[in-house]
Amino acid sequence: MNKNDNQRTRLTKLLFKNSLIKLLHKKTIYQITVSELCTEAELNRSTFYKYYGNVYDILEELAEETLAKGTQCIQEIEAAGLDYGKEPLYHLLCYVRENKDIYQLLLNNTVNGDFPEKMLKSIIDFFKREASLAINNMKMSEYTFQYLVSGSISVIQNWINGPMTESPSEISNHIYDLSVCILTHMNMLPEEYSK
């Protein structure tokens, strides 16, 4: 594939993605047809099927691209001291606020339901890796981490779907403080983490 073909492919896919985003402002992913998407993009169905099998494939591609950018944002953070849990989440939430539109659409239109958890996966993995030496009760830690992930997702979804009056710093501090409080209360972290 030559440079022009690559550029044409990227532009065509971008047209489909932008058209899907525009349609998602009006209806859910389950209500959008290939025909409707092609009309919105001003492209024909054969062009669509050259790149995608169905409308969900575009949403999945958008989700993967968004997750990759969010993960890259987190990987650029160097953890230091006890704030290792705040920094990655803070930077992710800054990125989320800058890209509110796409995150809102992806969080509210996920097909298989795993986008929210994938969004926080790198942060949770990072936290688990860094905190694993300090966790006192490894037997219950998986359940607790899952509980914290679900709660964090709910807080972030409410923040994104609302007026977003709180700053990324306020939301990340709130999630972090709640998480440390729960882990400390469950005797899973040493006392110094709650100070």
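**Rings, burial and the core of an all-listed fold**

Guide: A search of the whole structure, which is a predicted model, finds 7 aromatic pairs.

Visitor: Why is the pair of F48 and Y52 called tilted?

Guide: The ring centres of F48 and Y52 are 5.7 Å apart, which lies within the 6.5 Å required of a pair. Their planes meet at 40 degrees, and because stacked pairs need under 30 degrees and edge-to-face pairs over 60, the pair is classed as tilted. F48 and Y52 are both buried, and together with F16 and Y49 they form one aromatic cluster.

Visitor: What makes the pair of Y95 and Y103 edge-to-face?

Guide: The planes of Y95 and Y103 are at 85 degrees to each other, with 5.9 Å from centre to centre; since an angle over 60 degrees counts as edge-to-face and centres within 6.5 Å count as a pair, both parts of the description hold. Y95 and Y103 are also buried.

Visitor: Which residues touch the most other members of the largest nonpolar core?

Guide: That core has 40 residues, and L20, Y103 and M119 are the ones in contact with the most other members. At least two residues of the core come from each of α1 (3-24), α2 (34-41), α4 (55-75), α5 (86-98), α6 (100-108), α7 (115-131), α8 (138-161) and α9 (168-185), and α4 gives the most, with 6 residues. For M119, setting aside neighbours within four places in sequence, the contacts are L67, L92, Y103, L107 and I156.

Visitor: How do you know that S19 counts as buried?

Guide: The relative accessibility of S19 is 6%, and because the limit for burial is under 20%, S19 counts as buried. S19 is found in helix α1 and, not counting residues up to four places away in sequence, touches L37, E40 and A41.

Visitor: Why is L24 called buried?

Guide: L24 has a relative accessible area of 7%, which is under 20%, so the term applies. L24 also has its place in helix α1, and beyond its neighbours within four places in sequence it is in contact with I29, I32, L59, L105 and N109. The C-alpha atoms of L24 and L106 are separated by 9.4 Å, although the two residues are 82 residues apart along the chain.

Visitor: What makes Y30 count as exposed?

Guide: Y30 has 52% relative accessibility, and because exposed means over 50%, Y30 counts as exposed.

Key. Residues numbered from 1 in each chain as written. Predicted model: local features only at pLDDT ≥ 70, side-chain atom pairs only at ≥ 80, totals over all residues. Heavy atoms only, no water. Core = buried A, V, L, I, M, F, W, Y, C linked by side-chain atoms within 4.5 Å. Buried < 20%, exposed > 50% of the residue type's maximum accessible area, 1.4 Å probe, protein only. Helix = DSSP H or I, 4+ residues; strand = E, 2+ residues; numbered from the N terminus. Contact = heavy atoms within 4.5 Å. Phe/Tyr/Trp six-rings, centres within 6.5 Å; stacked < 30°, edge-to-face > 60°.
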